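Here is a short tour to read with the model open beside you.

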Amino acid sequence: MKGGKSKSEAKSSRLAVSKKPTKAVGKKAGKAAKDPNKPKRPASAFFVFMEEFRESYKKEHPKNKSVAAVGKAGGEKWKSMSEADKAPYVAKAEKRKADYEKELKSYNKRQAEGPKADDEEESEKSMSEVNDEDDDEEGSGDEDDDE
């Protein structure tokens, strides 16, 4: 080739020249902050079962500290259970889900109404804080005049 470069060298130099730096875009960069007041999702029937199973497993195996062993044993027992055995856990999970849906509705209602009321309260608070600071400054100025 002309210029003393082989085809592969020419290709790599073209790639290197045309290559643009990429920006590292993290998944968390675009994520909205979580609201700590938002109700947590309810546990599934399996997790309701696991709450009780963990306690009984710890009593039977007090020296076992492995979380994986408890989870594996719980999963095996859950799979071996019949639908009738699972029914009480399913009922508890459904009750928790109903409660969660009620809480979520009230939370969403507060969110729809809340920002307006919160802004007003914050602005009133800010105004009172500003007025308090002004009062403090005036009071401190009077003390200096007395001296």
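The report below goes from the whole chain to a few single residues.

This is a predicted model, in which local features need pLDDT of at least 70 and side-chain atom pairs count only at pLDDT 80 or more, while totals for chains, interfaces and linings use all residues. Residues are numbered from 1 along each chain as its sequence is written, and side-chain values use heavy atoms, with hydrogens and water left out.

**The whole chain**

The protein chain has four helices and zero strands, giving the pattern α-α-α-α along the sequence. Helices here are DSSP runs of H or I with at least four residues, strands are runs of E with at least two, and numbering starts at the N terminus. Of the 147 residues, 13% are buried; buried means under 20% relative accessible area, exposed means over 50%, and partly exposed lies in between (1.4 Å probe, protein chains only). The chain exposes about 13200 Å², and carbon and sulfur atoms supply 52% of that area, as computed by the Shrake-Rupley method with a 1.4 Å probe. Contact means heavy atoms within 4.5 Å. Among contacts between residues at least 6 apart in sequence, 69% join residues at least 24 apart.

**A positive patch**

On the surface, Lys-31, Lys-34, Lys-38 and Lys-40 gather in a patch of positive charge. Patch members have over 30% relative accessible area and no salt bridge, and like charges are joined within 9 Å; the place of a Lys charge is taken as NZ. Lys-34 sits in the loop between helix H1 (7–18) and helix H2 (45–60), and Lys-40 is also placed in the loop between H1 and H2.

**Two buried residues**

Lys-86 belongs to helix H4 (residues 83–146). Lys-86 is buried yet has no salt bridge, and Glu-83, the nearest side chain of opposite charge, is 4.3 Å away. A salt bridge needs a side-chain nitrogen of Lys or Arg within 4 Å of a carboxyl oxygen of Asp or Glu. Leaving aside neighbours within four places in sequence, Lys-86 touches Trp-78 and Met-81.

Gly-75 lies in helix H3 (residues 67–80). From Gly-75 to Phe-49 the C-alpha distance is 9.8 Å, and the two are 26 residues apart in sequence.

| Residue | Relative accessible area | Class |
|---|---|---|
| Lys-34 | 81% | exposed |
| Lys-40 | 74% | exposed |
| Gly-75 | 18% | buried |

Technical notes. Patch = residues over 30% accessible without salt bridge, like charges linked within 9 Å, V, L, I, M, F, W, Y side chains within 5 Å. Lys, Arg positive; Asp, Glu negative; His and termini not counted.
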